[in-house]
Amino acid sequence: MNKIAIVGKGGVGKSFITYALSKFFAQKANKVLVVDCDESNKSLFRLFGFAHSPKDFMDFLGGKKAVQQKLIKKFKDKEAKINILEKGLVTLESIPTEFIQQDGNIFLISIGKISHPMEGCACPMGVVSREFLEKIELKKDELVIVDTEAGVEHFGRGIEQGIDVVLAIAEPYLDSIEVAKRAYFLAKDMGKRAYLLFNKVTSNLKERLEKTLEQQDIELLGFIDFYPEVYASALDGKIPENKSVFSEIEKIGEKIYGI
Ligand SMILES: Nc1ncnc2c1ncn2[C@@H]1O[C@H](COP(=O)(O)OP(=O)(O)OP(=O)(O)O)[C@@H](O)[C@H]1O
Ligand SMILES: [Mg+2]
């Protein structure tokens, strides 16, 4: 496994789990590249303790408008394959430092955010995310973890094409479970390895949650408890000091690292 995407309905804990898994992977791998593909939420950098976000990767490519123009031209010229990024040029070393935030062997890049009214849809970011994840060249013991936008639109855009493993997170309520299952099977349809993980679970619900997956050929990775301290510290944009939540997520990481 070189590239893993964390997916699920809004608020299930994708960003928090991305952070905790990155910390775990950073103890194992040489480099962990965290790719923020969420065009709405701007705060992943804060979880990692950075003072500010890295500059949008879209700006490295000349900005969203420039990418949009390229896409329009390709579309008009009826070019079958859109190529925004040159293959062979997408490496961690080829990205200027202002587009990366680094802490030890963890590197954060952010594809792009919607920041202005009427600026247009997030499709250019979707194309860049897909190409970036397909074309990024990783050395041995380097891995990529992707924090995605809520829902399943990114499957429509194909950003999982370059991904090896999809981890679908669900909270213990029906809508959330339905979205995670859909994401799981969309990943499977793309030929990817997929897992489902329940987050924010109180122990009395575990059995009922297992039942919701019965006879559905879904690989359940486990359950993470609901930790009131995680919520409380998130109010200040901080990481909880409680170690148990991290050791639970480490156990999940152990199951998927190296597969
Ligand atoms: N196991 C947990 N116990 C308690 N709170 C949790 C747990 N996991 C995550 N949270 C909290 O849930 C909230 C949502 O988490 P997070 O922002 O990571 O979700 P998300 O899926 O990335 O949301 P979005 O869809 O908006 O990107 C945060 O306040 C976070 O601290
Ligand atoms: Mg998030």
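Trainee: Which domains is the protein chain divided into?
Mentor: Keep in mind that this is a predicted model. The chain splits into domain 1, made of 3-7 + 29-163, and domain 2, which covers 164-259. Their centres, taken over C-alpha atoms, are 24 Å apart.

Trainee: How many residues from each domain go into the contact?
Mentor: Domain 1 puts in 14 residues and domain 2 puts in 16. On the domain 1 side, strand E1 (3-8) and helix H2 (44-47) each supply at least two residues. E1 gives the largest share of that side, with 5 residues. By class, the domain 1 side has 8 nonpolar, 3 polar and 3 charged residues.

Trainee: Okay, zooming out. How many helices and strands does the protein chain have?
Mentor: You'll find 10 helices and 8 strands. The C-alpha trace spans about 55 × 40 × 40 Å along its principal axes.

Trainee: And what about the radius of gyration?
Mentor: For 259 residues, a compact globule would come out near 18 Å, and this chain has 18 Å, so the two agree. As for burial, 38% of the 259 residues count as buried. Also, take the contacts between residues at least 6 apart in sequence: 79% of them join residues at least 24 apart.

Trainee: Let's talk about the core. Which residues touch the most other members of the largest nonpolar core?
Mentor: Those are Val35, Ile145, Val146 and Ala168, in a core of 65 residues. H1 brings the largest share of this core, 7 residues. Both domain 1 and domain 2 give residues to this core, so it lies between them.

Trainee: You mentioned Ala168. What is Ala168 in contact with, leaving aside its neighbours within four places in sequence?
Mentor: Its contacts are Val7, Gly8, Ala180, Ala183, Tyr184, Ala194 and Leu196. Lys14 is worth a look here too: its C-alpha is 8.7 Å from that of Ala168, though they are 154 residues apart in sequence.

Trainee: Buried or exposed, what does Lys14 count as?
Mentor: Lys14 has 26 C-beta neighbours inside 10 Å, and 20 or more makes a residue buried, so Lys14 counts as buried. Lys14 sits in helix H1. Setting aside neighbours within four places in sequence, Lys14 is in contact with Ile6, Val7, Gly8, Asp147, Thr148 and Ile169.

Trainee: New topic, the ligand. Which residues come nearest to ligand 1?
Mentor: Lys14 again, together with Gly13, Ser15, Phe16 and Ala234, out of 20 residues around ligand 1. Helix H1 (14-28), strand E7 (193-201) and helix H9 (228-234) each supply at least two residues of the shell. That shell has 10 nonpolar, 7 polar and 3 charged residues.

Trainee: Where does ligand 1 lie relative to the domains?
Mentor: Between domain 1 and domain 2, because both give residues to the shell around ligand 1.

Trainee: Last one. Buried or exposed, how does Gly156 count?
Mentor: Gly156 has 10 C-beta neighbours inside 10 Å, so Gly156 counts as exposed. Gly156 is in helix H6, residues 153-156.

Methods
Residues are numbered from 1 along each chain as its sequence is written. Chains are lettered from A and ligands numbered from 1 in the order in which they are written. This is a predicted model: local features need pLDDT of at least 70, side-chain atom pairs count only at pLDDT 80 or more; totals for chains, interfaces and linings use all residues. A residue is near a molecule or strand if its C-beta atom, placed from the backbone, lies within 6 Å of it. Helices (H or I, at least four residues) and strands (E, at least two) are DSSP runs, numbered from the N terminus. Ala, Val, Leu, Ile, Met, Phe, Trp, Tyr, Cys and Pro count as nonpolar, Asp, Glu, Lys and Arg as charged, and the others, Gly among them, as polar. Domain bounds come from an automatic or database domain assignment. A residue is buried if 20 or more other C-beta atoms lie within 10 Å of its own, exposed if 12 or fewer, and partly exposed in between; C-beta atoms are placed from the backbone. The radius of gyration is taken over C-alpha atoms; the globule rule is 2.2 Å times the number of residues to the power 0.38. Two residues are in contact if their C-beta atoms, placed from the backbone, lie within 7 Å. A nonpolar core is a set of buried Ala, Val, Leu, Ile, Met, Phe, Trp, Tyr and Cys residues joined through C-beta atoms within 7 Å.
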